[in-house]
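Hello,

Here is the structure I promised to send over. Please open it first, then read on for what turned up.

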Amino acid sequence: MRRFVLSIIIILVSSSYSCYQKNIVFPDRTGQRRSDQRREDQRRPDEHRLKVESGAVTDATNIHYTDKYCTECHEQTPLNGNKFLKYGEDYKQLCRCHYKTAARDIHPSDIEPPEEIKKRIPNDFPLRNGKIACITCHDIFAQCKDSKTNDTFARERNFLRGAPYEKLTMLCFKCHNKTKFEKFNPHEQLDEKKEIIALKCLYCHKKIPDVKKEEFKDVALIGDLEPLCVRCHNQAYKGTLHATHLRKPSAKVLARIKQMEIELGITLPLSDEGKITCATCHNPHEKGVIPAERVGAKGAGEAHKNRLSGNMCIKCHDMSSNVRQINR
C-alpha cells in the first residue's frame, strides 16, 4: 500500500513539474529571442514603420499636414539626417502635383539665381545643386506633421521658411531688393508705343503667341487657367457667382455658347476639360493686343473685360424660364 501511494505521488509531482517546465522561459533565452527579433527587424525593409493610408492617392489627395502618406515621398523612415527621399530627391517628382498647375509658377524653380540675388539668400534657405528648389523657400518637413489648425491660409504661411510673416511679400524681400521688386499689372500689356511687352505675355504664356494667327486652342499656357487668375484675383475666386460657374456647362448652355460665338463673332473659350473658366467670360488682354477684327479681341475694352456687353447672364441662360420657376 505504501509503495502504491508513493508511486502516485511521484507521478503527480512529475506531471506537475512537466507542465510548469513548459511555461518556463529562462532569462538568457528571452534575451536571445529579443536580440534575434531586433536583427530580424534590421534585415526587413524599413517601410513597415512608415505611416501609410489605405486607398489610392490621386492628384486631389492632400498628403500634407498629416503623417498618413509618408511613403509617397520617403522610401523608409528618415534617420540621422538621411531623408531617404524617392526619385533621387527630384522635386519635380516629389512635388509633382504642384508642377501640374500654374500655382508653382508664381516663382520659378530649378534655376540658378543671379549673383546679385545669391548674395542675399539667407543661409537657412538651402539651394539644391546650386539651384532654387521647393526646399529653398518651403520648410517641407513642417507639412509632415499633423496641423493644429484647419485654417489653410495659416498653415500655408507657417511652412514658409522664417514664418510666420505679417505679409507674404516679406518672404520675397529675404532675397529680392525691395526697391526693385514691385508688383505689376499683367493686363497692361502695351508700352507707350503701343507695342506688346513680351514680359507681360510670359506671365501666363509659355511663349509669346502670334496674335495675328493663333487662336485660343493654339496658345500654350504655363498652367491651368483657374490658378493663373487666382494668383491675383483670389477674392473674386471666393465669390459665389464665380465659383458656381467653374464647371462643365449643361448641353443646353453649351449649345447657346456655340450659337452666340457664331452670331456675335466672339470666342467664349472653355478649358481643356470642357469647363467654363475665367477666360470664358473675361478677356484678359489689353485692347489693341489682339487685332480688332479677330474674334479673340472682343471684350478687351469692355468694363471688367467682359467678352459680352450688357447682362451676360441672360446671354447664356434662359432667364425667362428661371423667372417662371421662381413664380410658381
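Predicted model: local features only at pLDDT ≥ 70, side-chain atom pairs only at ≥ 80, totals over all residues.

Overall picture

The secondary structure comes to 16 helices and zero strands. The protein chain has 328 residues, and 24% of them count as buried. Take the contacts with a separation of 6 or more: residues 24 or more positions apart account for 47% of those.

Cysteines

The structure holds zero. Cys 97 has its closest cysteine sulfur in Cys 95, but the two sulfurs are 8.9 Å apart, which is too far for a bond. A disulfide here would need the sulfur atoms within 2.5 Å. Cys 97 counts as partly exposed because its relative accessibility is 31%.

Cys 172 is in no disulfide either. Its nearest cysteine sulfur belongs to Cys 137, 8.0 Å away. Cys 172 is partly exposed, at 25% relative accessibility.

Cys 137 itself sits in helix 6, residues 134-137. Leaving out residues up to four places away in sequence, Cys 137 touches Phe 159, Leu 160, Arg 161 and Leu 171. Lys 174 is 37 residues from Cys 137 in sequence, yet their C-alpha atoms are 9.9 Å apart in space.

Salt bridges

Side chains of opposite charge can pair when their charged atoms come close. The count here is six salt bridges.

- Glu 89 and Arg 128 meet at 3.9 Å, N to O. This pair links distant parts of the chain, 39 residues apart. Glu 89 lies in the loop between helix 2 (27-43) and helix 3 (91-94). Arg 128 lies in the loop between helix 5 (115-118) and helix 6. Glu 89 is partly exposed at 23% relative accessibility, and Arg 128 is partly exposed at 25%.
- Asp 218 and Lys 217 meet at 3.2 Å, N to O. Asp 218 is partly exposed, with a relative accessible area of 36%. Lys 217 is exposed, at 67%.
- Glu 112 and Lys 118 meet at 3.3 Å, N to O. Shared partners join Glu 112, Glu 115 and Lys 118 into one salt-bridge network. Glu 112 counts as exposed at 53% relative accessibility, while Lys 118 counts as partly exposed at 27%.

Is Thr 267 buried or exposed? Thr 267 has 16% relative accessibility, so it counts as buried. The cut-off for buried is under 20%. Thr 267 lies in the loop between helix 13 (251-264) and helix 14 (278-281). Setting aside neighbours within four places in sequence, Thr 267 is in contact with Glu 261, Val 295, Gly 296 and Arg 307.

Lys 206 is also a loop residue, between helix 9 (198-201) and helix 10 (225-230). At 59% relative accessibility, Lys 206 counts as exposed. Which residues does Lys 206 contact, leaving aside neighbours within four places in sequence? They are Ala 220, Leu 221 and Ile 222. Lys 206 and Ile 222 are 16 residues apart in sequence, and 5.3 Å apart from C-alpha to C-alpha.

Best wishes

Terms used
Residues numbered from 1 in each chain as written. Heavy atoms only, no water. Helix = DSSP H or I, 4+ residues; strand = E, 2+ residues; numbered from the N terminus. Buried < 20%, exposed > 50% of the residue type's maximum accessible area, 1.4 Å probe, protein only. Contact = heavy atoms within 4.5 Å. Salt bridge = Lys/Arg side-chain N within 4 Å of Asp/Glu carboxyl O.
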